Amino acid sequence: MARERRRNSSVLLAMATLAGFCLPAQTAIIGTCTIMVGASGTMTPNPAISVLGSKQAGGSSASATVVASSLLCSLLNLLDCYSVSAPAPAAFSSAPSGGGTNVTFASVFRLDGSGVDNNGSVPQRIVNGTHPMQVDLTATKSSGIFPAGNYQGTVTVRCE
């Protein structure tokens, strides 16, 4: 009987040791991608008041910082562990009466200080590290003009 207990305890010790080695492996596979929202952008109208956009004269881009970190990506030297996107909203978050009708939205973003506009809906692959991001939103009214008032559009930055 004593021999059987020693053998069982050896098996249990081996299983516990193996389980202990498995736990850190799980955390190594799961990485993190943190998005820190920076300054809000400002949308301004074009002279015909049919376009509101942060790239119009007097407008400004919104900013964010994306920090990607994955041990597995570092160990395997992968370049595409996370993707970032900033799709345009379907509607204004708030707008005066009639301001949100017949409007289409488009967004672009730039990463790491590059001057290259990426379509907001198309994910861009990023490597581990810190990535400054600028986001621009444009709203175009297909007929008529934007009525006077306050408008707000919200672009959601995604890291997947």
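This is a predicted model: local features need pLDDT of at least 70, side-chain atom pairs count only at pLDDT 80 or more; totals for chains, interfaces and linings use all residues.
Residues are numbered from 1 along each chain as its sequence is written, and side-chain values use heavy atoms, with hydrogens and water left out.

The secondary structure of the protein chain comprises two helices and ten strands, where helices (H or I, at least four residues) and strands (E, at least two) are DSSP runs numbered from the N terminus. In sequence order, these elements follow the pattern α-β-β-β-β-α-β-β-β-β-β-β. Of the 160 residues of the protein chain, 26% are classed as buried, a term that denotes under 20% relative accessible area, with exposed meaning over 50% and partly exposed lying in between (1.4 Å probe, protein chains only).

One disulfide was identified, the criterion being a pair of cysteine sulfur atoms within 2.5 Å. The bond connects cysteine 33 with cysteine 159, at an S to S distance of 1.8 Å, and with 90° about the S-S bond the link is right-handed. Because cysteine 33 belongs to strand β1 (residues 32-37) and cysteine 159 to strand β10 (residues 158-159), the pair ties together parts that are 126 residues apart in sequence. Cysteine 33 is partly exposed, at a relative accessible area of 23%, whereas cysteine 159 is buried, at 19%. Arginine 158 is also found in strand β10 and is partly exposed, with a relative accessible area of 42%. The C-alpha atoms of arginine 158 and cysteine 33 are 9.4 Å apart in space, although the two residues are 125 residues apart in sequence.

Four aromatic pairs were counted, for which the ring centres of Phe, Tyr and Trp (its six-membered ring) must lie within 6.5 Å, planes under 30 degrees apart being counted as stacked, those over 60 as edge-to-face and the rest as tilted. Phenylalanine 146 and tyrosine 151 form an edge-to-face pair, with 5.5 Å between the centres and 85° between the planes. Ring pairs also link these two residues with others, in a cluster made up of Phe92, Phe105, Phe146 and Tyr151. Phenylalanine 146 counts as buried, at 4% relative accessibility. Over the face of phenylalanine 146 lies lysine 141, at 5.7 Å from the ring centre, an arrangement assigned if NZ of Lys or CZ of Arg is within 6 Å of the ring centre and within 35 degrees of the ring normal.

The largest pocket has a volume of about 470 Å³, taken as the space filled by probe spheres set on grid points that are joined across faces, edges and corners. A pocket is here an open set of points on a 1 Å grid over the protein atoms alone, where a 1.4 Å probe fits, with protein on both sides within 12 Å along at least five of seven lines, and its lining residues have an atom within 4 Å of a point. The lining of the largest pocket consists of 21 residues, among which Ser40, Gly41, Ala62, Gly153 and Val155 lie nearest the centre. Strands β1, β4 (62-69) and β9 (129-141) each contribute at least two residues to this lining. By class, the lining has eleven nonpolar, nine polar and one charged residues, where Ala, Val, Leu, Ile, Met, Phe, Trp, Tyr, Cys and Pro count as nonpolar, Asp, Glu, Lys and Arg as charged, and the others, Gly among them, as polar.

Several loop residues were also examined. Most residues other than glycine have a negative phi. Asparagine 102, in the loop between β5 (82-85) and β6 (103-111), has a positive phi of about 55° although it is not a glycine, and counts as partly exposed at 46% relative accessibility. Aspartate 112, placed in the loop between β6 and β7 (118-119), likewise has a positive phi of about 55° and is partly exposed, at 44%. Aspartate 117 lies in the loop between β6 and β7 and is partly exposed at 36% relative accessibility; its C-alpha atom is separated by 9.1 Å from that of valine 135, 18 residues apart along the chain. Alanine 57, in the loop between β3 (51-53) and β4, is exposed, with a relative accessible area of 74%.
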